[in-house]
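Please examine the sequence and the structure before reading the solutions.

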Amino acid sequence: MKTTYNMVASLAESTVVAEYVREAAAAYEYQSEAALEQEFISQLESQGYEYLSIHDESALIANLRHQLELLNDYTFSDNEWDGFFKESIANANEDIVTKTRTIQEDHVKILHRDDGTSKNITLIDKKNIHNNRLQVLNQYQETDGNHDTRYDVTILVNGLPLVHVELKRRGVAIREAFNQIKRYQRDSFWAASGLYEYVQIFIISNGTHTKYYSNTTRLSHIKEMDKGSKSKSQKTSHSFEFTSEWADGKNKVIPDLIDFTKTFLAKHTLLNILTKYSVFTAEHLLLVMRPYQIAATEKILSRIEVSTNYKKAGTIEGGGYIWHTTGSGKTLTSFKTAQLATKLPYIDKVLFVVDRKDLDYQTMREYDRFEKGAANSNKSTRVLQKQLEDPAANIIITTIQKLDVFISKNKKHEVYKKHVVIIFDECHRSQFGNMHQQITKHFKKYHLFGFTGTPIFAVNSRSGDNPLLKTTEQVFGEKLHTYTIVNAINDGNVLPFRIDYINTIKEKEDTQDKKVSAIDKEKALGAPERIRKIVAYTLEHFDQKTKRNSFYSIKGQRVAGFNSIFAASSIPVAMQYYQEFKRQLEANGRKLTIATIFSYQANEEDPDDLIADEDFDTDRLDQTSRDFLESAIADYNAAFNVNFDTSADKFQNYYKDLSQRVKDREVDILIVVDMFLTGFDATTLNTLWVDKNLRHHGLIQAFSRTNRILNSVKTYGNIVCFRNLEKETNDAIALFGDKDAGGIVLLKKYEAYYNGYDEDGKHHDGYTELIEKLEQNFPVGEAIIGEQNQKDFIALYGSILRFKNILTAFDQFAGQEILSSRDFQDYQSVYIDLYQEFTKKSSDKENINADVVFEIELIKQVEINLDYILMLVAKYHDSNCQDKSILTTITKAVDSSLQLRSKKELIETFLAGINASSRVEEDWRDFVKKQKETDLAKLIAEEKLKPEETKNFIDLSLRDGMLRTTGTDIDKILPPVSRFGSSNRTEKKEGIIEKLKRFFEKYLGVA
């Protein structure tokens, strides 16, 4: 569509370039890392960065002082600078979180001057970003950390290191640069004055491929957080999955380092990202917005500004819509848009309107995460009215229903004359028609914007609607920015889907009358025998689909696999499923937590593509449905020791409690009709079981519950369809992606992964070919000689692990693994041996194995646990200690487990003492307890540690699952300095830490 306005005057420079066109680059035969670094720095200099030859801390601090003097137009006395630096910049009690808050929220500090007065000192100018000075240095040396380190390239803003760049030569895996930053964070960023803890953004590149990420984990539940740690060296970013690529306004990725430098590191772009497009959440996480989020925000702000100048506020030309796919972070984009819109001097209020009560609550929580108290929510129309009348309430979150009631009751109100921005989240059915007409009739100066992951086009509009308000464009105006599911999957921001179609009905061949056929079909779909079979299939394949043999951490707890939603076609069918699941679980003696939730809907089987708008209305449910829901909630109350029912308030609280427990993976299967199929995000969900007709918008929304990124174990969203939705799926993907989207949005077929496939003129090996290469090049039991052979084995076995992780979700894979379990264990033992050997080399000498990437998260997910080993020990005991083959099985199992290797000595010593009279479980507990006491007493005596303090330190570490090796905790257990003199104290301390680590790993999870 042609843009509504001619460009008269340009606004401030866009942060995201509209379309980036690469200049033809000269080809290099070979470029070393040093040459890449030099080219990068030269490019920065050409963009106005000042190069500094600074390699140590004293010069870094001197430059910082000078830069702050220039920015603040003030000269510090030596005494003032010393006090200000120690108190406000390099305070020994401040960690990464505090320093991030300083840059993001508390960037003006108070200087106590020599004459007794005080003055504000700005660390970064957020109002006039070009007042900030950018400098670049390289090969900075840090000698006060655990190891001497030398950093690649650092960008200073007013003298503070706010951006750090780690480079690898072309051809080396970019992941190694990510791992190196993790090592720096562990070993040295905190060292000396800790200035490198101010770094807000990390950039990693091998010249060809460049990514960026913030200094804190993108979401707190990705991996175990360092809770309660007083350590200066808190974790920054845990997961490589959450690194981002930069792109232009058309979502074209800009991977080359020099192109990335020209765009992302353009002065105005970098400074905008640091000062405007980063959000420091209430959970102490720094979220750096992605290019499509920034582009959309700026498009809206530009539309507000230009349409106001053109006096188009209050018309469709004053607004527009943003098409950003489900799961791409629309709430963050809308929050930042609302926040920045309220800063425009002529805007009085921003209303963020959601279409359901549950989203009202969810959005408020999200907004509160981004900035506590930034937005106002309302439980009633009366509260909404007060907020609309309160000049201090700038951002208001409300529901369509409340806004509708407010307008109905207040035909005349002062707010209608105010200049307002109204943003609709998921701008579809509810906003079409009456509500839209109400707003446009009453408000005089409005800008109407809609966010949607699935727009309404002519092809998927409802037949009976107002012909002038059928499509998203008719309601909101021009499309301002697009980011489709294809873009999101290509960028790695959401996962693709893998779909199974399980046929559960045979069609009658001679049925002529379509209406009779449809009635018969519905009857057949609800038949008890069919439901019994579907439940049996679901339970039989539950562990496989949700990867219950895979382990990862969530909120500090080690959990197995993921959880799922079961979508039923109607409330009666959902009730049948709930009862059948309960019956079969009980009959099989199996423990899975199931729950259900539904509420009244006027029309459950909607002929259109939209999932029904639901509220929390249980009063209008028929008595049978309500009684059933009461009974299901009673089961839930018993399972979790809570107290909910179907009364209005308690039912809403049941919804909130249930949604949190699904997110925390405490519910295994949630049976729903429509609730939870739109707008609900849980990264632990990986499977949707579907016995319901879905199409277009509703299909993409429901499928998208499963494709949020969590870790490298979760590689796709699993969809199991008990109805043939293949055509509907292909149509929806073509509509909301593009005609070729199927190949990106859907995983390939089983045969492609198992036997290999050809694509773009190139053959991609399948699982069978990889196993053949493994057996041919690295036979079981033969040593792998030579570093290159070892690297080849690591790469090949890593590929096999990735393929196996995908194939295990296919029913056909069972029994087709080719290698026996024991062979896999043997190969895995070699893989872990090499991992430990290469890791040791890397810590001794940086960069030695820059091109080696280990799939350790995939190794950990198939961990053999201690219970399995004790079961084998019991089996050995039951054979009167005669079956020596079990001992071999135990040894191989322990060797193939990263977790159990550290406990090998413990297990072998216990095994040696087993005899016919042993009681395995009790004896193991007693043995571990005594052995732990003996080992700890020996360690304390050898290293002259303080006994009580050491025992407490170890007990707390084992309880928390984390050994804190920095900060004051460790110092409290060490002997006095005089025992070994200050000169070799650091060396001695490192030796003690190593021994403590070995002790900790040996007893973690067993003591």
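**Exercise 1: Charges over rings**

Determine which ring lies under the charged end of Arg498.

Solution. The charged end of Arg498 sits over the ring of Phe810, 3.8 Å from its centre. The criterion requires NZ of Lys or CZ of Arg within 6 Å of the ring centre and within 35 degrees of the ring normal. Lys804 likewise lies over the face of Phe824, at 3.8 Å from the ring centre. The model is predicted: local features need pLDDT of at least 70 and side-chain atom pairs count only at pLDDT 80 or more, while totals for chains, interfaces and linings use all residues. Residues are numbered from 1 along each chain as its sequence is written, and side-chain values use heavy atoms, with hydrogens and water left out.

**Exercise 2: Aromatic pairs**

Classify the ring pair of Phe497 and Phe703.

Solution. Rings of Phe, Tyr and Trp (its six-membered ring) pair if their centres lie within 6.5 Å; planes under 30 degrees apart are stacked, over 60 edge-to-face, and the rest tilted. For Phe497 and Phe703 the centres are 5.8 Å apart and the planes stand at 70°, so the pair is edge-to-face. Phe497 belongs to strand β18 (residues 497–501) and Phe703 to helix α21 (residues 696–703), 206 residues apart. Helices (H or I, at least four residues) and strands (E, at least two) are DSSP runs, numbered from the N terminus. Both Phe497 and Phe703 are buried, that is, under 20% relative accessible area with a 1.4 Å probe, protein chains only.

Next, classify the pair of Phe910 and Trp924. With centres 5.1 Å apart and planes at 75°, this pair is edge-to-face. Phe910 is in helix α32 (residues 904–912) and Trp924 in helix α33 (residues 920–943), so the pair ties together parts 14 residues apart in sequence.

Finally, ring pairs join Tyr750, Tyr753, Tyr754, Tyr767, Phe803, Phe810 and Phe813 into a cluster.

**Exercise 3: The nonpolar cores**

Solution. A nonpolar core is a set of buried Ala, Val, Leu, Ile, Met, Phe, Trp, Tyr and Cys residues joined through side-chain atoms within 4.5 Å. The largest has 101 residues, and Tyr577 and Phe703 are among those touching the most other members. A second, separate core of 100 residues includes Leu64, Val153, Ile155 and Leu162.

Note on methods: Buried means under 20% relative accessible area, exposed over 50%, partly exposed in between (1.4 Å probe, protein chains only).
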